Amino acid sequence: MSNMSSPLDRVLAPEQSPQVFAKASQGFRVPRRTKIVLLTAGAIAVSIVLLGWTLYSYSYEEWTVPYNKLEFEQSQSSLHLCLEQDHSITITGTPVTTTLHAPTATETITVYEYLPSSPKYEQLEPVVFSLVAWSKSSGAELSLLIKSILMYITGPVELHILCDEEAKKAIEPGFSLVHSPTYEVKVRYYMPTWDDMVSRIEREGSIASAHAAGTPGLMKLFLQEIIPVKKAIYVDTDALFISDPRHLWQEFKTFKSTTAISMTSHSDGGNPEWQNADRICSCVMLLDFAKLRDMRLMDSNLYHQVGSGLKATSPPAFKAKFGAPDPSDGKYHDVRLGDQGYWWAIVDYFPDLWEPLSFDYEVSTCLMEMYETRLGEVEIDEQQEIYEQGHVVHTPQFGKVIRPKLLHFNCLDGAEHWYEWKSWSDPDNKLGRRWGAAVLYHVGFKWIWLNRFSFDESKPKIDVQIAEVVFEDQKVANQHPTE
């Protein structure tokens, strides 16, 4: 038997046969005084090893223990273990006392549990959303989207919501039930009046909408002017996450130095009645607000009054896409897809401003097959999945697996809210069979299940406030008063 450096080594070593110890004891005798000296020296050595091990445990936040039939007895409510490929157990986080048992020894050591109180949690960058809901109906849909965000988010989150009073009333009940979320949640409501929105559009001078979303829908072009953050994720209300939104947030790290916008590219589209604006979807967007503000994305007559005049980015793009505006009022009246038509004009004219977003984040029911993705067939391999995908030829997604992380339920008729579509529970409906179970699960998930802790003021909470609405062009005008 090899020498053991500490009781922990004996715990981790394979069990020894009793016969081995019996034979060894028959062939070897030690005087009583020598035994006492050896036992005393051994006890001192073990104490030194244990003291050193304890100091080592507190000096580092991560260490590895080979596993060999160990039983863990937890003294805390939870313990996070990760099996590495080299067959070891890595334990990280806040110190927790844990006992390891084996037939020949018991030793208490210190391991770590990763909780939101850990310094690692505090270093996580918040995932920031900019959202729009105008009416009770859209507020109800946004409430479900927000619930799905909180179900999967890993880390703090900020929800910046442009809305009216009716939408706010539809959103608030869910928040009121969450007293102890896993992570900090910051909610800011931006509540412009109708006149505020119309006035900003009038100061731009040329945009109008032939889309059902109307004036509130055009506010998607001005979010960077209202919400004082560096970057944000925009998602339409008729969508929900089925995985961690932080995956989408991480896409910002792939941006080139010139990129300010990312959205899905449907380059296989091209309807001339929509000025080919169906080649993108402004339903899910990554927006670098800081860059969009710096370039003054949208025009304003207030910019023209500053010194010799400040130029905006979008006017030449609109003119190139739509031609001359209506001479009677200077407006583009035939932009059928609303804000998406204007986003398309911008990214088509300034291609360096945007990058295509993976279809993972916009699995859309406007294509009723949803790219042929579905729940089920759980053991399908990637090659077969790629083969079965649809509506991806001539798009950036061709040849790549779609791994659905966000579902977008647009183009569903017959229900006030997309999740009330009667065919979700219809076994004879193809779309219902594919994704109905996911819809029913997220709709039925209770808000109170988002609570992790018992109520405690020191734990993460939802911070809700109403923010002031001031558009960027107004701020610029205030900084540069007309001479």
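This is a predicted model: local features need pLDDT of at least 70, side-chain atom pairs count only at pLDDT 80 or more; totals for chains, interfaces and linings use all residues.
Residues are numbered from 1 along each chain as its sequence is written, and side-chain values use heavy atoms, with hydrogens and water left out.

To start with the overall picture, the chain has 16 helices and 17 strands, taken as DSSP runs (H or I of at least four residues for helices, E of at least two for strands) and numbered from the N terminus. Of its 483 residues, 46% are buried; here buried is under 20% relative accessible area, exposed is over 50% and partly exposed is in between, with a 1.4 Å probe and protein chains only. Among contacts with a separation of 6 or more, 73% join residues 24 or more positions apart, a contact being heavy atoms within 4.5 Å.

Helix H15 (430-444) turns up in several places. Its axis comes within 10 Å of that of helix H5 (residues 136-152), and the two cross at roughly 90 degrees; axes are lines fitted to C-alpha atoms, for helices over the stretch in contact, with angles running from 0 to 180 degrees between N-to-C directions. H5 and H15 are therefore roughly perpendicular (65 to 115 degrees; under 35 is roughly parallel, over 145 roughly antiparallel and the rest oblique). On the H5 side the contact uses Leu144, Lys147, Ser148, Met151 and Tyr152, and on the H15 side Tyr441, His442 and Val443.

The loop between strand S16 (406-408) and H15 holds Ser425, which is exposed at 57% relative accessible area. Its C-alpha atom sits 6.1 Å from that of Gly436, eleven residues apart along the chain. Cys411 is in the loop between S16 and H15 too, with a positive phi near 65 degrees and a relative accessible area of 46%, so partly exposed. Together with Leu177 and Ile448, Trp449 makes a nonpolar surface patch of about 310 Å² (residues with over 30% relative accessible area and no salt bridge; nonpolar side chains Val, Leu, Ile, Met, Phe, Trp and Tyr joined within 5 Å, like charges within 9 Å).

Salt bridges (a side-chain nitrogen of Lys or Arg within 4 Å of a carboxyl oxygen of Asp or Glu) number 19. One of them pairs Arg203 with Asp473, with the closest N and O atoms 2.6 Å apart. This pair ties helix H7 (residues 194-204) to helix H16 (residues 472-479), across 270 residues. Both ends are buried, Arg203 at 14% and Asp473 at 0%. Glu172 and Lys168 meet at 2.5 Å, N to O, four residues apart in helix H6 (residues 165-176). Glu172 is partly exposed at 30%, whereas Lys168 is buried at 10%.

A network of salt bridges links Glu372, Arg374, Glu377, Glu388 and Arg434. Within this group, Glu377 has a positive phi near 45 degrees.

Methods: Accessible areas come from the Shrake-Rupley method with a 1.4 Å probe; for residues, only the protein chains shown count as cover.
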